[in-house]
Structure formats: structure tokens, C-alpha cells
Amino acid sequence: MIIVISCSGSKNGENLIYKNNEITFVSSPNEESKNHFNPDNQIPNENRTWREYVNSQENNNILESYKLYKNKIYSELYEKYKSNLFILSAGWGIINSEFKVPKYDITFSKRAEKNSKRKKTDFYKDFNHIEKINHNEKIVFFGGADYLKLFYNLTKDLSNEKIIFYNKKNIYSGLPFLKNESSFKLIKYETKTRTNWHYGCAKDFLENKLVI
């Protein structure tokens with residue numbers, strides 16, 4: 001089984017230090033902020049982007065993705081699923097739990113600051129580490145509605161059964177593309193929690209309280 005959980009705004013660690021400069025990754029860098037970049041921006045005076053640099057995994061001072069996010073559910077999921085755990089990151093795409101990524105301030109949240117908010121129409125060269133998994137494995141997704149479009153875009157071409165837990169009254173509102181996709185199975189998760197409800201859902205799943 002493959003687990004995918006959306007990223008979190010609360011992160012451990014520090015910003016990336018690159019050639020003695022502190023780098024902040026945001027969705028829409030301000031022109032006056034010399035050390036603010038989008039992951040797909042080119043590194044100044046180099047023939048590669050920040051994404052290509054991160055993909056090289058040459059920086060030993062950045063955290064494996066399951067360690068980057070503060071909520072303990074990430075480490076609890078990793079303890080059981082190891083490299084079968086993936087993170088759906090608004091900044092980087094679908095990344096393996098053991099893949100190292102720097103701290104970033106990019107989110108789909110409607111409450112975020114303008115330069116941090118990634119629009120659903122923004123083009124990113126997202127990583128998609130889940131592409132190479134066994135096509136017989138079920139993929140289970142935990143995340144809010146704001147992250148569903150990215151999850152769909154990165155997994156729609158996989159023949160795997162994709163199981164999505166949701167708690168929205170009308171999950172198809174704004175997401176009509178899910179209606180006719182036979183490889184996606186939607187399961188309602190009943191909870192009174194409205195913010196980060198998917199953490200409780202993932203916890204219940206770990207404790208075998210949910211049937212798929």
C-alpha cells in the first residue's frame with residue numbers, strides 16, 4: 001500500500017543556506033527580495049534551477065521530507081510505511097518520504113499571504129516520485145480539498161486504485177473531474193474538525209479504524 005499525505009505549513013529546520021545566503025522559497029518572489037525564489041527559478045549565475053539543485057540531493061543539511069513537517073503524524077506514518085510514504089508538497093510535488101527538501105513557504109491555502117499562495121493554475125515542474133511504483137498497489141490520500149487538484153494531476157495517469165478520504169459536503173464542487181474517473185474511490189470521513197482534519201483521519205487509518 002502507498003500512502004500520500006499533503007504537506008504542512010508548520011515545519012522543522014531552517015531555511016536553505018546556499019553559498020552563505022539564506023534562501024526562502026515562495027510561490028511569487030518579490031523583485032526587491034534578492035534571496036526569495038520559486039523552486040523553478042534559476043540559481044543566480046548558475047546553469048540550473050533550485051529544483052535541479054534539490055534533486056541532486058547534494059546538501060546534507062536539509063531534512064528528509066517526513067522529518068520536515070512538525071505534526072507527529074508524518075513520522076508515525078513513516079514508521080509503518082517507510083519509503084511507501086509520499087508527501088504531496090505545494091512547493092515540490094509528490095516527493096518520497098526519504099527525499100530531502102529545504103524549508104519553503106508555499107501553500108494552496110486561501111488564507112496564505114499573496115507571495116506564498118500557489119494558484120491552481122500556476123505551472124510548476126513538480127517532482128512526481130510516485131510514477132515508478134508498482135501499479136498493483138493501492139494509493140491512499142490524506143489531504144484537504146485545496147490539494148486534490150494537484151493530487152489528481154500527478155496520479156490520474158496511474159492505473160492504481162486511488163482512495164481519497166474527504167469530509168466536504170459536496171466533494172465534487174469545483175472538482176468535477178473526479179466524477180467520471182473509475183480509478184478514484186472517494187470515502188467520506190466523518191469528523192467535526194474543519195482544520196487539518198486529515199491528520200485525525202490518517203491517525204484513525206493507522207489504528208485500523210477505517211475500512212477501505
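**Entry 1: burial and Arg51**

I start with a cut-off: a residue counts as buried when its relative accessible area is under 20%. I also note that the model I am looking at is predicted. I looked up Arg51 and found 6% relative accessibility. That is under 20%, so Arg51 counts as buried.

Next I asked which residue Arg51 meets in a salt bridge. The partner is Asp40, and the side chains come to 2.5 Å, N to O. This pair links distant parts of the chain. I find Asp40 in the loop between β4 (36-37) and α1 (50-55). Arg51 belongs to helix α1, 11 residues apart from Asp40.

I then stayed with that loop and checked Thr49, which lies between β4 and α1. Its relative accessible area is 18%, so Thr49 is buried. I listed its contacts, leaving aside neighbours within four places in sequence. They are Pro39, Asp40, Asn41, Gln42 and Ile43. So Asp40 turns up again: it touches Thr49 and bridges to Arg51.

**Entry 2: other salt bridges**

How many salt bridges does the structure hold? I find 12.

I picked out Lys110 and Asp146, whose side chains meet in a salt bridge at 2.7 Å, N to O. This pair also links distant parts of the chain, 36 residues apart. Lys110 is in the loop between β8 (100-101) and β9 (127-128). Asp146 is in the loop between β10 (139-142) and α4 (148-155). Is Lys110 buried or exposed? Lys110 is exposed, with a relative accessible area of 60%. Asp146 has 21%, and I put it down as partly exposed.

Glu207 is partly exposed at 39% relative accessibility. Lys209 is exposed at 54%. I also noted one network, in which salt bridges that share partners join Lys19, Glu46, Arg48 and Glu58.

**Entry 3**

I traced an open sheet of three strands. The order is β2-β3-β4, and the pairing is mixed. Which strands are at the edges? They are β2 (16-18) and β4, and each pairs on one side only. Strand β3 covers residues 21-25. Two bridges join β3 to β4, and these strands run parallel. I found Phe25 standing opposite Phe37 in β4.

**Entry 4: strand β11**

I turned to β11, residues 162-166. Five of its five residues are buried, so the strand is largely enclosed by the rest of the structure. I checked which way the side chains go. Lys162, Ile164 and Tyr166 point one way, while Ile163 and Phe165 point the other way.

Then I looked up the partners of β11. Three bridges join β10 to β11, and the two run parallel. Ile139 stands opposite Lys162 in β11. The chain crosses from β10 through α4 to β11, and this β-α-β crossover is right-handed. Five bridges join β11 to β12, again parallel. Here Ile164 stands opposite Leu186 in β12. I reminded myself how such pairing works: strands of a sheet pair through backbone hydrogen bonds, either parallel or antiparallel.

**Entry 5: Lys162**

I went back to Lys162, which is in strand β11. Lys162 is buried yet has no salt bridge. How far away is the nearest side chain of opposite charge? It belongs to Glu181, 6.6 Å away. A salt bridge needs the side-chain nitrogen within 4 Å of a carboxyl oxygen.

I did find a polar partner. The backbone oxygen of Asn160 lies 3.2 Å from a polar atom of the Lys162 side chain. I also listed what Lys162 touches, not counting residues up to four places away in sequence. The list is Ile139, Phe151, Thr155, Lys156, Ser183, Phe184 and Lys185. Ile139 is also the residue opposite Lys162 in the strand pairing.

**Entry 6: Ser182**

Last, I checked Ser182, found in the loop between β11 and β12 (184-188). At 78% relative accessibility, Ser182 counts as exposed. I compared its place with that of Glu161. They are 21 residues apart in sequence. In space I get 8.3 Å, C-alpha to C-alpha.

Notes: Residues are numbered from 1 along each chain as its sequence is written. This is a predicted model: local features need pLDDT of at least 70, side-chain atom pairs count only at pLDDT 80 or more; totals for chains, interfaces and linings use all residues. Side-chain values use heavy atoms; hydrogens and water are left out. Helices (H or I, at least four residues) and strands (E, at least two) are DSSP runs, numbered from the N terminus. Buried means under 20% relative accessible area, exposed over 50%, partly exposed in between (1.4 Å probe, protein chains only). Lys and Arg count as positive and Asp and Glu as negative; His and the chain ends are not counted. A polar contact is a pair of N or O atoms within 3.5 Å; within protein, one must be able to donate a hydrogen and the other to accept it, and residues adjacent in sequence count only if both atoms are side-chain atoms. Contact means heavy atoms within 4.5 Å. Two strands pair if DSSP finds at least two bridges between them. A crossover is right-handed if, with the strands pointing away from the viewer, the path from the first strand over the helix to the second runs clockwise.
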